[in-house]
Amino acid sequence: MKATPTPGKRLVTPHDHTLIMIDFQSQMSFATKSIDAVTLRNNAALVSRAAAGFGVSTVLTTVAEKSFSGPMFEEITSAFPEERLLDRTSMNTWEDAAVVARVSEIGKDRLVFAGLWTSVCIVGPTLDQGYEVYVIADACGDVSDEAHERAMQRMIQAGVQPMTSLQYMLELQRDWARTETYEMTTGIAKKYGGAYGLGIIYAKSMFGASEGH
């Protein structure tokens, strides 16, 4: 077999999937213990800004927004000001006709999920739906480490592919020679990319350095 410089078929691209962000709401986050609220909001913001910047088709859904769970994180909604929130009564997003209709309308056969809680709101729609499914593990959370980890294991055993927030964004960029999205990607990393972002700021400030040069 001869190796070729081509990307693996399982890597996501900006236009081959739909991102579904589920129940990033105050009431759901209060009981989330597997990840702290600051990190959760940061990772949700990173994913949102990356998806919006790369033009990823995105579905935002809430549960009982007005009556119980509260509004979706502003970090997410501000990234998608034109996107209508689909509110549900069902814990399982895939049992909501409006959400499923929207996913079908978009028509992508790859789905990327993030949200609260991993064991309910994410497990429910990811199992056995006939799609190629990814879950952004550090943009999900649950009532305990145990709950989150068992949910991730259950999904992985069913063929779901796990990834992280920063990995998601860098997979969309993939090549620093793609200059049209370079500044956007590094700008998001500077703000939400933790120590990696600090490294970009340092290199740029001290040496005028940039990725790929």
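1. The model contains 6 salt bridges. A salt bridge here is a side-chain nitrogen of Lys or Arg within 4 Å of a carboxyl oxygen of Asp or Glu. The model is predicted: local features need pLDDT of at least 70, side-chain atom pairs count only at pLDDT 80 or more, and totals for chains, interfaces and linings use all residues. Residues are numbered from 1 along each chain as its sequence is written, and side-chain values use heavy atoms, with hydrogens and water left out.

2. Start with aspartate 16 and arginine 110. Their closest N and O atoms are 2.5 Å apart in a salt bridge. Aspartate 16 sits in the segment before strand S1 (18-22), while arginine 110 belongs to strand S4 (residues 110-116); the two are 94 residues apart. Helices (H or I, at least four residues) and strands (E, at least two) are DSSP runs, numbered from the N terminus. Arginine 110 counts as buried because its relative accessibility is 7%. Buried means under 20% relative accessible area, exposed over 50%, and partly exposed in between (1.4 Å probe, protein chains only).

3. Next, aspartate 23 and arginine 88. Their side chains form a salt bridge at 2.8 Å, N to O. The pair links distant parts of the chain, 65 residues apart: the loop between S1 and helix H1 (26-30) holds aspartate 23, and strand S3 holds arginine 88. Both residues are buried.

4. Which residue forms a salt bridge with arginine 41? The partner is glutamate 75, with the closest N and O atoms 2.7 Å apart. Arginine 41 is in helix H2 (residues 37-54) and glutamate 75 in helix H4 (residues 74-77), 34 residues apart. Arginine 41 is partly exposed at 41% relative accessibility, whereas glutamate 75 is buried at 14%. Elsewhere, salt bridges with shared partners join Asp16, Arg110 and Glu132 into one network.

5. Now the rings. There are 3 aromatic pairs (rings of Phe, Tyr and Trp, its six-membered ring, with centres within 6.5 Å; planes under 30 degrees apart are stacked, over 60 edge-to-face, the rest tilted). Tryptophan 94 and tyrosine 131 make an edge-to-face pair, because their ring centres are 5.6 Å apart and their planes stand at 75 degrees. Tryptophan 94 lies in the loop between strand S3 (85-88) and helix H5 (97-106), and tyrosine 131 in the loop between helix H6 (118-126) and strand S5 (132-141), so the pair ties together parts 37 residues apart in sequence. Tryptophan 94 is buried at 15% relative accessible area; tyrosine 131 is partly exposed at 26%.
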